Amino acid sequence: MTAIKPTPYAALAQAKTSANALRYPHPPEKKPVAANETAFIWGDPHIAGADGDRFDVNKVGKFNLLEDKGVKFNADFRKFTDKSAATIIRATDLEVDGKKIKIDVNAKVTIDGKELQSNTYKAWGGDNQISKLRNGNVLIDTGEYTILVASEGSAKNKFLNASVSSGKHGVSADGVAPKGLLGETFDADAVKQTKPKKNLESYQVGVKPAAPKPSTPKPTTPTTPKPTTPKPTTPKPSTPKPATPDIKSWFDQFVALLKQLFGNFGK
Ligand SMILES: [Ca+2]
């Protein structure tokens, strides 16, 4: 059999294509990782990860929720009341391209120590900006992420809920993948986590996980959680559990908010 010769037209088209390829070298575009996804943390804290992961964190201390290039987002977990076993987020702090942002339980915002007034915003470097919305919520835009922090609860017992959303370029366009309790769920895998990927202590801010002693390999006994001995004598004070907002409605509100803010969200 003789090989079929390309027709002159096909040969011409091929030549043209290679010429174009040389003229416009176009690296293949990488598929965005975990684009347009949202992870939530709310109540005593429940976590809903970016691709459907669900788990709870019931610890006291400062924990990292998100760490990526130019962004750190930490939450302070405290006991809801002195007597409750449940913990809630009492404060958050962020570092976004060098700016230090603190958000207290009333959603009061300070940037490098200066208070941000209600219904105002501040922008700095790149896409970074922070808005104190009329409803008291705080919106932080880093370009790569949109972070929302909301104060919830009764006047006496307030707590914070938060969400982290990725944009259309995903979370790894800058070559750095996110870490942290929420950040690590932007991994675009099909695994629905039922717990954090690592030992909870390794997310703790300012606490280095103890290095394993090489001599005595301790069996990995998980730190026994303090038995929550409910005092049977004293009647339980009617401390309402932090309202666990319906995740769907929270998300809908969030999307509506973004639409209201940006109009062309998602385009
Ligand atoms: Ca990144």
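Here are some friendly notes on the predicted model shown above.

1. **Ground rules.** This is a predicted model, in which local features need pLDDT of at least 70, side-chain atom pairs count only at pLDDT 80 or more, and totals for chains, interfaces and linings use all residues. Residues are numbered from 1 along each chain as its sequence is written, and side-chain values use heavy atoms, with hydrogens and water left out.

2. **Overall make-up.** The protein chain has 2 helices and 14 strands; helices (H or I, at least four residues) and strands (E, at least two) are DSSP runs, numbered from the N terminus. Buried residues account for 36% of the 267 residues in the chain, where buried means under 20% relative accessible area, exposed over 50%, and partly exposed in between (1.4 Å probe, protein chains only). The accessible surface comes to about 17000 Å², and 57% of it belongs to carbon and sulfur atoms; these areas come from the Shrake-Rupley method with a 1.4 Å probe, and for residues only the protein chains shown count as cover. Among contacts (heavy atoms within 4.5 Å) between residues at least 6 apart in sequence, 52% join residues at least 24 apart.

3. An open, antiparallel sheet is formed by 6 strands in the order 4-5-6-7-8-9; two strands count as paired if DSSP finds at least two bridges between them. Strand 4 and strand 9 (114-116) are at the edges with a single partner strand each, so one side of each has no neighbour in the sheet. On average, neighbouring strands here are turned by 25° against each other, direction ignored; the axes are lines fitted to C-alpha atoms, for helices over the stretch in contact, and angles run from 0 to 180 degrees between N-to-C directions.

4. Strand 6 (residues 87-96) pairs with strand 7 (residues 99-103) in the antiparallel sense over 5 bridges, and Asp93 stands opposite Lys102 in strand 7. Their hairpin has 2 residues between the strands, and Asp97 takes a positive phi near 45° there. Strand 7 is also joined to strand 8 (residues 109-111) by 3 bridges, again antiparallel, with Ile101 and Ile111 as bridge partners. In this second hairpin there are 5 residues between the strands, and Ala107 has a positive phi near 65°.

5. Strand 12 (residues 138-141) and strand 13 (residues 145-153) pair in the antiparallel sense over 4 bridges. Across this pairing, Leu139 has Leu148 as its bridge partner, while Val138 stands opposite Val149. The hairpin has 3 residues between the two strands, with Gly143 in the turn at a positive phi of about 90°. Strand 13 pairs with strand 14 over 9 bridges, also in the antiparallel sense, and Val149 has Ala162 in strand 14 as its bridge partner. That hairpin runs through 4 residues.

6. **The nonpolar core.** Which residues have the most contacts inside the largest nonpolar core? They are Phe73, Phe77, Ile101, Ile130, Ile147 and Leu181, in a core of 39 residues. Such a core is a set of buried Ala, Val, Leu, Ile, Met, Phe, Trp, Tyr and Cys residues joined through side-chain atoms within 4.5 Å. Strand 5 (residues 71-79) supplies the largest share, 4 residues.

7. Asp68 in strand 4 (residues 61-68) and Val171 in the loop between strand 14 (158-166) and helix 2 (247-262) are 103 residues apart, linking distant parts of the chain.
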